[in-house]
Number of protein chains: 2
Amino acid sequence: MEIKEDVRTLRDYFEQEDWAGLRDYFEAQRVQDIAALLSELGDSEELVEIFRQLDSEQRPQVFSYLSPADQAGLLEALSNQEARFLLANILPDDLTALLERLPRDTVEQTLKLLSADTVKQVIRLLGYPEESAGRLMTPHFVSVQPDWSMGAALEHIREQSEKGETVNIIFITDAGGRLLDAVKLKRFILAPPAERVETLLTDQVISVPAWEDREEVVRAMQHYDLEAMPVVDNHNVLLGIVTVDDVMDVAQEETTEDFQKMGGVGVLNLSLRDARPSLLYRKRVGWLVLLVFVNIFSGAAIAHFEATIEAVIALVFFLPMLVASAGNAGAQASTLMVRALATGDVTAADWLRLWGKELAVSGALGITMGFAVSMIGLWRAGPEVGIVVALAMLCVVVMGSMLGMLLPIVLARFKLDPATASAPLVTTVADIFGILIYFSIATAILTVPPVPG
Amino acid sequence: MEIKEDVRTLRDYFEQEDWAGLRDYFEAQRVQDIAALLSELGDSEELVEIFRQLDSEQRPQVFSYLSPADQAGLLEALSNQEARFLLANILPDDLTALLERLPRDTVEQTLKLLSADTVKQVIRLLGYPEESAGRLMTPHFVSVQPDWSMGAALEHIREQSEKGETVNIIFITDAGGRLLDAVKLKRFILAPPAERVETLLTDQVISVPAWEDREEVVRAMQHYDLEAMPVVDNHNVLLGIVTVDDVMDVAQEETTEDFQKMGGVGVLNLSLRDARPSLLYRKRVGWLVLLVFVNIFSGAAIAHFEATIEAVIALVFFLPMLVASAGNAGAQASTLMVRALATGDVTAADWLRLWGKELAVSGALGITMGFAVSMIGLWRAGPEVGIVVALAMLCVVVMGSMLGMLLPIVLARFKLDPATASAPLVTTVADIFGILIYFSIATAILTVPPVPG
C-alpha cells in the first residue's frame with residue numbers, strides 16, 4: 001500500500017517537472033527504497049528521467065539494486081558518458097552479476113564502456129563456474145602482513161578504508177598473498193601499536209576455493225557464523241571475499257529454486273512479478289505434460305482390473321481417497337526429506353536410520369488411516385469392502401511415504417538435486433502404485449462372491 | 001563421512017581415557033565443529049565426560065551450538081557449580097533461546113543458577129511475544145553520545161570491546177538512550193579525534209520495535225543489507241540489537257517451516273534427525289486424516305455420475321490423468337505464490353495483476369494439455385470421448401491453477417499464513433472439482449448415445 005503512495009509522489013514530481021523537489025525527496029531516502037520505487041514505475045522513459053535526478057553518489061548504488069531488466073533498459077537509454085560513470089562506480093561483484101544477467105548484445109556494448117583493467121578483472125571473475133564462490137566474491141579486501149607492526153597495519157587499514165573497502169575483517173597474508181588468517185578489526189585497535197601482527201595469528205582460518213559451489217559457501221558461513229568468507233586459489237592465495245549480505249541473497253535464491261522444483265516448476269531465475277506469462281508457461285508445461293503421459297499407466301492399471309471394478313462398483317467410490325492418501329503421504333515425506341537434505345540436517349549417508357524411522361511412522365499413519373477408512377467402508381459397502389479398503393490404505397500410505405523418502409535420497413546419492421523429487425512427481429508415481437495395490441488386494445480378497453451391505 | 005571418522009577419534013580418546021590427547025585435539029578445532037561432533041555422540045554419559053575436557057573458554061561457546069536436547073541433558077548431568085559457570089558465560093540471546101526450548105522443570109532449576117540481574121534480564125526478554133524481534137535481540141551493544149568527541153568515543157568503544165561487545169556498528173543515542181543513528185566503526189577511526197560525534201549523524205537510521213515479527217526483521221535486514229538491526233521500545237529507546245548471524249538462522253528456520261507447511265506437515269521445530277517417530281506421526285496424521293474425509297466428497301461425486309460411468313466405462317480410464325493434472329497445476333501455482341509472498345516478491349495487493357497472468361498461463365497450459373490428451377482419447381475411445389477429455393483437461397487445469405493461486409492470496413489477506421495452502425490441500429480440493437467438471441462435461445456431451453471407437 002505504502003509503496004503505491006510513494007510511486008504517486010514520484011509521478012507527481014515527474015509530471016510537474018519539479019526536479020529540485022524530486023532531488024530533495026531522494027536525499028531523504030535510502031538507496032534500497034529508491035530502487036524498489038523505481039522498479040514499480042514500469043515505463044522506461046519515466047525511469048530514465050527520474051534516475052537522472054539522483055546525485056552521483058546514489059546513482060551507482062541505486063543501479064546495483066535494480067532488476068536486470070531495468071538495468072539493461074537504463075544502460076541503453078543513458079549516454080555513453082553516463083553509463084561509463086555508472087559502471088566505474090559499482091562494486092566488482094555487482095558488475096559480474098550484472099554482466100551475467102544482461103542480454104548478450106548489451107554485454108558487448110557494456111564491455112566497451114569499461115576500463116581495460118576492469119575488463120580483465122571481469123573476464124577473470126566470469127571465468128569461474130556459474131554459481132561458484134568465484135562468481136560471488138568481490139576482489140576488494142584489506143590484507144596486512146605478519147611482520148608489520150600493529151601501528152603500520154592500522155595506518156594501512158585506515159588508508160584502504162578511505163578508499164571505501166570493507167574493513168570489519170582484516171586478512172593476514174604472507175608476502176606471496178597466501179592466506180594466513182582472518183582477524184576482526186577490533187583486535188587491531190585493542191593491540192599495543194608496537195606489537196607485531198603475527199601475535200594475532202591462530203591456526204583456525206576457514207576459506208573456500210574459488211570453484212566451490214555457492215551453496216557450500218552459504219552453509220559454511222552459516223555454520224561458522226562468519227561475516228566474510230575468504231576465497232582462495234589452489235595455492236591458497238587470497239583472491240577475494242564473499243560477504244554476508246551476498247550470502248543472504250544466495251540463500252534466498254537457492255531456497256526459491258528448491259521451492260520451485262518441489263512444486264514441479266522449472267527454476268524461474270526471475271521474480272514471479274517480473275516473469276512474463278510465456279516464461280511461466282514454458283517453466284510449467286514440461287512437468288505437466290510429462291505427468292499426463294505417466295498417468296497413462298494409471299489408466300492402464302484401472303483397465304486391467306475392469307472385471308473386479310464391474311463386479312464391485314462400490315470400489316470406485318474409495319479410489320480417489322486411497323490414491324490421494326498415497327500421494328499426500330508421499331508429498332509429506334519428500335518435503336521433509338528435501339528440506340532436511342538442503343539444510344544439511346541429514347545426508348544421504350543417513351539413509352538406513354531414516355528408512356527405519358519412516359517405516360515406523362508411515363506404518364502408524366497407515367494403521368490410523370486404515371481404521372478411519374474402514375469405518376467409512378463398513379458403512380457404505382459392508383465388512384468385506386471395509387477390510388479391503390483398510391488393508392489397501394495401510395499399504396498405500398506406507399508405499400507413498402517410502403517412495404517420498406527414498407526418491408530424494410537416491411537422487412542425492414547420484415549427486416542429482418533432491419528437490420527434483422517434486423510433490424507432483426511423487427504424487428503421480430504414488431497414484432499409479434496406489435491403484436495397483438488397491439485393486440490387487442480387492443481382487444485377492446473379493447474372489448469370494450461379495451455380499452455388499 | 002568425514003564426521004564419522006572424527007567421532008571415532010573422539011571415542012578412542014574417551015575409551016583410552018587419554019584426556020590430555022583429547023584436550024590437544026579440541027584445541028585445534030572450531031567450537032562449531034566440536035558442537036557438531038558432540039551431537040553425533042548420542043550417549044549422554046560420554047557427552048558429559050568429553051564436554052568436561054573442553055577448556056573454560058570453549059565450553060560456553062560449544063554449549064551454545066548444541067541442540068536443546070543435548071543442552072538439557074548436560075545441564076542436568078553437570079554439577080551446579082559447572083552449570084552456573086556455563087550459564088554466566090553464554091550470550092543473553094543464546095540464554096533466552098535456551099530457556100525458550102528447555103522442558104519446563106529444567107527451566108526452573110536453571111533459573112536458580114542465574115544471578116538476580118540475569119534473571120531479571122531474561123524475564124524481560126521472555127516477556128516479548130514469541131518469534132518477535134525482542135526475543136531475538138541481544139541487549140549488549142556499544143553506544144556513544146552526539147556531544148562526545150571522536151577521541152572520547154573511541155576510548156569508550158575500546159573499553160567496551162575489551163569486554164567482548166560487538167563493535168562493527170556503533171550506536172549514537174541521546175542522554176535518554178533514544179536511538180539517533182547507527183554508524184560503522186571505521187567512520188570513528190577515520191574521523192579527526194577532536195571532532196564531535198554529532199558530525200556523523202544522518203537521518204536515515206532504520207530500527208524495529210521490539211514486538212515486530214522476526215520475519216519482518218529478516219526482510220528489513222536483507223532489504224537494507226544491514227549487519228545489525230537496532231531494536232527500540234515505543235519511545236525509541238534502544239533496547240538491543242539483532243545481528244546478521246541470528247537473522248540467517250531465523251531465515252532458515254522460517255523457510256523450513258514454510259516447506260513443512262507446504263508439504264502438509266505440521267511445523268516440527270526440530271531437526272528431522274532428532275525428531276522421534278511419535279512426533280513425526282503427530283505432525284503428519286492431522287492433514288492426512290482430514291484429507292481422507294475431504295475425499296469422501298470425491299467419492300460422492302463419482303457415485304453421483306454412476307450412470308454416465310456405466311454407460312461409457314472408458315471414461316474411468318482418463319479419470320486419474322485428469323484429476324492428477326488438476327492437482328499438479330494447482331500445486332505449481334500455489335508453490336510459486338507461497339514462495340513469492342514469503343520473499344515479499346508479491347503482496348496480497350497485487351492479486352488483480354496476478355489473477356490475469358495466471359488465467360493467461362493456465363489457459364495456455366490447459367490448451368496444450370487438452371490437445372495432448374485428446375490424441376490419447378481419440379486413440380483409446382473415439383472422437384466424442386476425445387472431445388470430452390480435451391475440454392475437461394482445459395477446464396481442470398485452469399480451475400486447479402486458479403485455486404492454487406487464489407488460496408494463498410486469500411489466506412494472506414486474512415492475515416493467515418499463505419503456506420497453509422499446502423500442496424496436499426490444493427491437490428485434494430482440485431481433485432474434487434476435477435471429478436465434478438469431468439463428469440459434468442461428459443454427461444452434457446455424451447447424452448447423444450456414445451459410439452466408442
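Hi everyone, let's start with one term: two residues are in contact if their C-beta atoms, placed from the backbone, lie within 7 Å. By that rule, 87 residues of chain A are in contact with 87 residues of chain B. On chain A's side, the most comes from helix α19 (residues 314-343), with 18 residues; helices here are DSSP runs of H or I with at least four residues, strands are E runs of at least two, and both are numbered from the N terminus. That side of chain A holds 49 nonpolar, 25 polar and 13 charged residues. Here Ala, Val, Leu, Ile, Met, Phe, Trp, Tyr, Cys and Pro count as nonpolar, Asp, Glu, Lys and Arg as charged, and the others, Gly among them, as polar.

A quick word on the source: this is a predicted model, where local features need pLDDT of at least 70 and side-chain atom pairs count only at pLDDT 80 or more, while totals for chains, interfaces and linings use all residues. Residues are numbered from 1 along each chain as its sequence is written, with chains lettered from A and ligands numbered from 1 in the order in which they are written.

Now, chain A as a whole. It has 21 helices and six strands. Its C-alpha atoms fill a box of roughly 95 × 65 × 35 Å along the principal axes.

Finally, let's visit one residue. L407(A) sits in helix α20 (residues 351-413) of chain A. Is L407(A) buried or exposed? It is buried, because it has 22 C-beta neighbours inside 10 Å; the cut-offs, with C-beta atoms placed from the backbone, are 20 or more others within 10 Å for buried, 12 or fewer for exposed, and partly exposed in between.
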